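Biologist: I'm new to this structure, and I'd like to learn how its charged side chains pair. Could you walk me through it?

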Amino acid sequence: MFEWAYSGANKAVPRNVGPECAYFLTPRRQIIETIIVTSICLYTAIKTYPKLHVPEDVNYVRSDRGGKRLLVILLALLWGMEIGFKFASRTVIYLLNPCHVTTLIQIYLLAAPPSKMVTVLFRIHLNLLNGPLLAFLFPETASRTIFAEAALYWIQHGMMFVIPYYLLRIGGVYNVEPLWDFNWSIFSYCLNMLYHFTVLQFIAIPAQVNLNHMLCPAILDPFDGPWYRIAAVLHQSILCPMLCKLFCLISEFCLTKFPPTKVKPNMKDQLQDPISDFLLLSTKKTECQGTGDQPTKTQHVD
């Protein structure tokens with residue numbers, strides 16, 4: 001019934017599609033691993049959720065100079081081209097891969113008005129940058145038979161690093177938790193694993209398509225063997241938070257300290273802690289009483 005979504009998967013690429021990959025792990029092992037991983041992730045996510053903190057929004061005037069609009073148009077165009085190639089090659093199922101989902105989240109972040117939900121999604125998606133990194137280190141373009149589709153692979157994954165850097169440059173609702181706070185990283189990783197072991201696996205098994213290597217390991221996987229999924233859960237639990245924190249550190253250095261790219265004094269120049277923000281607004285209200293002006297914060301978007 002849904003063969004139009006996966007019938008074009010390249011069977012000539014090793015461990016890409018087919019019964020050999022689908023039965024690499026026994027059904028019993030798949031069930032046991034799924035129960036263990038999802039149970040641990042659900043428990044950890046529930047325990048971590050109350051510890052997540054999103055700063056209160058403040059009123060500010062945004063002067064958009066067109067940067068966000070340009071990026072959202074470009075990213076939407078790339079996403080549209082990707083969809084077109086997938087329909088043309090009958091491989092729509094690959095749009096479920098995490099990198100494509102992350103790109104869709106970034107389109108929303110660029111287009112949505114400021115809100116707490118934007119901050120939440122922004123912080124969560126910063127912990128999904130292991131996808132483009134692994135895509136560059138271990139490229140898989142053999143299944144992309146069209147040249148433009150192969151080129152799009154590199155462009156899309158490169159943009160996945162550009163977008164969060166630009167949003168951190170804007171500031172405001174695009175802010176991050178303190179460096180020593182790993183609650184967001186833990187919560188985000190749990191959501192990531194739940195997506196892999198539920199959505200991806202449950203769709204990959206009947207279609208026999210190796211979505212993000214949930215059915216069998218990649219040829220270059222150093223942990224090739226029956227324990228490869230457990231090994232991946234462990235080493236990605238280290239890579240995801242470390243990469244997120246490293247990305248934030250490098251972005252902070254470039255945006256606040258490196259002279260050629262410095263654009264603001266610190267990363268929290270738009271959203272402060274609630275107490276400092278209340279004192280600042282109270283001071284501005286006192287200064288504006290004689291003029292009747294309303295205190296606002298101005299945020300310039302390049």
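Modeller: Gladly! Let's begin with Lys86 and Glu149, which form a salt bridge with their closest N and O atoms 3.5 Å apart. This is a predicted model, where local features need pLDDT of at least 70, side-chain atom pairs count only at pLDDT 80 or more, and totals for chains, interfaces and linings use all residues. Residues are numbered from 1 along each chain as its sequence is written, and side-chain values use heavy atoms, leaving out hydrogens and water.

Biologist: What makes Lys86 count as buried or exposed?

Modeller: Buried means under 20% relative accessible area, exposed over 50%, and partly exposed in between (1.4 Å probe, protein chains only). Lys86 has 3%, so Lys86 is buried. Glu149, with a relative accessible area of 3%, is buried too.

Biologist: And why is Asp224 called partly exposed?

Modeller: Its relative accessibility is 38%, so Asp224 falls in the in-between class. Asp224 meets Arg15 in a salt bridge at 2.9 Å, N to O.

Biologist: How many salt bridges are there by this rule?

Modeller: The count comes to 7.

Terms used
Salt bridge = Lys/Arg side-chain N within 4 Å of Asp/Glu carboxyl O.
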